[in-house]
Amino acid sequence: MDKIDNRILEELESDGRLSIVELSQRVNLTNTPCSDRVKRLEKSGYISGYRAVLNKEKQGLGHLTVVQVSLAATGGDNSLDAFNAAAALVPEIESCLMIAGSFDYLLTIRTRDISHFRQVLGDKINRLPNIHQTNSYTVIEVVK
């Protein structure tokens, strides 16, 4: 990894649809070396994929809630694995982060509105394995 590789990663992170021609111009390389570098970055795992960033509000999923989850136990049994597997199956969970601290997980939940969130919380989130307690926070604005 050098400065040019890092610049390629920055440009592709900003716009994954850049053509090799445009990317080459932005990082001051000719097309073939730039293409070779991108392929190497993909093979070595620095670039793990490309995807579209969807506008969730236009899809009718404009309500975002952050939920702190505390489990009843996280010890030697498979409670973490069971929770992880079950959380992965809930489509409204946008992200699920295991946290070191005063609670165990931080979830972001994407729903149509507060009524839909309440339904998801009662029917899905609170029924995940080994839940002890949840605390929910409605997001007012996504700053970054």
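1. N130 lies in the loop between α5 and β4 (131-138), where helices (H or I, at least four residues) and strands (E, at least two) are DSSP runs, numbered from the N terminus. Its phi is near 70 degrees, a positive value in a residue other than glycine. At 28% relative accessibility, N130 counts as partly exposed, given that buried means under 20% relative accessible area, exposed over 50%, and partly exposed in between (1.4 Å probe, protein chains only). This is a predicted model, in which local features need pLDDT of at least 70 and side-chain atom pairs count only at pLDDT 80 or more, while totals for chains, interfaces and linings use all residues. Residues are numbered from 1 along each chain as its sequence is written, and side-chain values use heavy atoms, with hydrogens and water left out.

2. N28, found in the loop between α2 and α3 (31-43), has a phi near 60 degrees, again a positive value in a residue other than glycine. With a relative accessibility of 70%, N28 counts as exposed. Most residues other than glycine have a negative phi.

3. The axes of helix α1 (residues 3-14) and helix α2 (residues 20-27) come within 10 Å and cross at roughly 130 degrees; axes are lines fitted to C-alpha atoms, for helices over the stretch in contact, and angles run from 0 to 180 degrees between N-to-C directions. The two helices α1 and α2 are therefore oblique to each other, since angles under 35 degrees count as roughly parallel, over 145 as roughly antiparallel, 65 to 115 as roughly perpendicular and the rest as oblique. On the α1 side R7, I8, E11 and L12 meet L23, R26 and V27 of α2, contact meaning heavy atoms within 4.5 Å. By class, this contact of α1 with α2 has four nonpolar, no polar and three charged residues (Ala, Val, Leu, Ile, Met, Phe, Trp, Tyr, Cys and Pro count as nonpolar, Asp, Glu, Lys and Arg as charged, and the others, Gly among them, as polar).

4. For α2 and α3, the packing angle is about 100 degrees, with the axes 9 Å apart, and the two are therefore roughly perpendicular to each other. I20, V21, L23, S24 and V27 of α2 make this contact with N31, C34, S35 and V38 of α3. Sorted by class, the contact of α2 with α3 has six nonpolar, three polar and no charged residues.

5. The largest nonpolar core has 15 residues, of which V69, F83, I93, L107, I109, I125 and L128 touch the most other members; such a core is a set of buried Ala, Val, Leu, Ile, Met, Phe, Trp, Tyr and Cys residues joined through side-chain atoms within 4.5 Å. Two or more residues of this core come from each of β1 (63-71), α4 (79-88), β3 (105-111) and α5 (114-123). Apart from it lies another core, of ten residues, including L9, L18, V27 and L41.

6. H63, in strand β1, is buried, with a relative accessible area of 13%. Not counting residues up to four places away in sequence, H63 touches I109, R110, T111, R112, D113, I114, F117 and T138.

7. R7, placed in helix α1, counts as partly exposed at 35% relative accessibility. Leaving aside residues up to four places away in sequence, R7 touches R26 and V27.
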